[in-house]
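Visitor: Please take me through the model shown below, one question at a time, and give the cut-offs of each term when it comes up.

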Amino acid sequence: MAPARFVAGMLLAAIGCVLSVAADNPTTPSPQPFVWQKAHATFYGGADASDTMGGACGYGNLFSEGYGTRTAALSTVLFNDGASCGQCYKLACDRKRADPLFCKPGVTVTVTATNFCPPNDVLPNDNGGWCNPPRPHFDMAQPAWEKIGVYKGGIIPIMYQRVPCVKRGGVRFIINGHEYFNLVLVSNVAAAGSIESMDVKTSDSDEWIPMARNWGANWHSLANLTGKMLSFRLTNSDGHTLVFNDVVPKGWNFGQSFASKLQF
């Protein structure tokens, strides 16, 4: 019996060791799959989407920035004070709830969040106040909306889900502002699409300086960075971090755009 007790004791000790190691080194849980959810969608911007330019995310000319006509303005609950800027969503007309005259079933379209659809407290949530809290709502660029809906419908019930963004080229940065106020627009972000945090470092320092979201996809720093070679550290909303070393060369000027070779 003694050998058996010895073996059992060794096994228990080994299991305890494994559990201890697992507790000290927890694994990162896999991200939960995006699920289909219900919402409604309207459209704006004209047949060529020319009136969707600019917007509350700050991307400016959506055509030159690579977003094209597959864009949408999000209601308050989805926009999340700009934290959702750059995220991508797959949308489909919900044929179970839609008038069949205005729905194009079996078709999906993927859009990027580039704008904010403000609430209208004067109108009820179910009659004109489509973007009022707590409604999830997409005010889509007209060409994107017409992929899943018929123009005369005006508004259709949809199903939507977050999806990874697919982009060409690397993440881009545009620096605006003035001395001691540097406003950096981050665009063309793949995968999660949205940025959770951002830091900046100058070539003459080893210290990373935290930046704060100013509005939309614009982040600011109050440090004196003018003309210095800059590196950026971005963490996206999926928790992945990339460092863009010396992406901004020495001697830069406000208003310049800088394209990196790195992408999430």
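**Strands, burial and disulfides**

Visitor: Which residue of strand 12 does threonine 202 stand opposite?

Guide: In strand 12, threonine 202 has a residue standing opposite, and the two strands concerned are strand 9 (residues 195–202) and strand 12, which run antiparallel and are joined by 7 bridges. Strands here are DSSP runs of E with at least two residues, helices are runs of H or I with at least four, and both are numbered from the N terminus; two strands pair if DSSP finds at least two bridges between them. The residue opposite threonine 202 is leucine 230.

Visitor: What pLDDT do local features need here?

Guide: Residues are numbered from 1 along each chain as its sequence is written, while side-chain values use heavy atoms, with hydrogens and water left out. The model is predicted, and in it totals for chains, interfaces and linings use all residues, side-chain atom pairs count only at pLDDT 80 or more, and local features need a pLDDT of at least 70.

Visitor: Which residue takes a positive phi in the hairpin of strand 12 and strand 13?

Guide: Strand 12 and strand 13 pair in the antiparallel sense over 5 bridges, with arginine 233 standing opposite valine 243 in strand 13. Their hairpin has 4 residues between the strands. The residue with a positive phi, near 90°, is glycine 239.

Visitor: In what order do the 8 strands of the open sheet lie, and by what angle are its neighbours turned on average?

Guide: The order is 13-12-9-10-11-8-7-14, with antiparallel pairing. Strand 13 (241–248) and strand 14 (257–259) stand at the edges and have a single partner strand each, so one side of each is left without a neighbour in the sheet. Axes are lines fitted to C-alpha atoms (for helices over the stretch in contact), and angles run from 0 to 180 degrees between N-to-C directions; for neighbouring strands of this sheet, with direction ignored, the average turn is 30°.

Visitor: Is asparagine 218 buried or exposed?

Guide: Asparagine 218 is placed in strand 11 (residues 218–221). Leaving aside residues up to four places away in sequence, it touches several residues, among them Cys57, Val184 and Arg213, where contact means heavy atoms within 4.5 Å. Buried means under 20% relative accessible area, exposed over 50%, and partly exposed in between, taken with a 1.4 Å probe and protein chains only. Because its relative accessibility is 3%, asparagine 218 counts as buried.

Visitor: How many residues of strand 5 are buried?

Guide: Strand 1 (residues 37–44) pairs with strand 5 in the parallel sense over 5 bridges, whereas strand 2 (residues 71–74) runs antiparallel to strand 5 and is joined to it by 3 bridges. In strand 5, methionine 140 is the bridge partner of phenylalanine 43, and phenylalanine 138 has leucine 74 opposite. Strand 5 (residues 137–141) is largely enclosed by the rest of the structure, because the number of its residues that are buried is 5 of the 5.

Visitor: How many residues apart in sequence are the parts tied together by cysteine 57 and cysteine 85?

Guide: A disulfide is a pair of cysteine sulfur atoms within 2.5 Å, and the sulfur atoms of cysteine 57 and cysteine 85 are 2.0 Å apart. Cysteine 57 lies in the loop between strand 1 and strand 2, and cysteine 85 in the loop between helix 2 (76–79) and strand 3 (88–93), so the separation of the parts they tie together is 28 residues.

Visitor: What is the handedness of the link of cysteine 88 and cysteine 165?

Guide: Cysteine 88 and cysteine 165 form a disulfide with sulfur atoms 2.1 Å apart. Cysteine 88 is in strand 3 and cysteine 165 in the loop between strand 6 (156–163) and strand 7, so the pair ties together parts 77 residues apart in sequence. With 120° about the S-S bond, the link is right-handed.

Visitor: What pattern do the disulfides of the protein chain follow?

Guide: The count comes to 4 disulfides, including one that joins cysteine 93 to cysteine 103. With bonded cysteines counted along the chain, the pattern is 1-2, 3-8, 4-5, 6-7.
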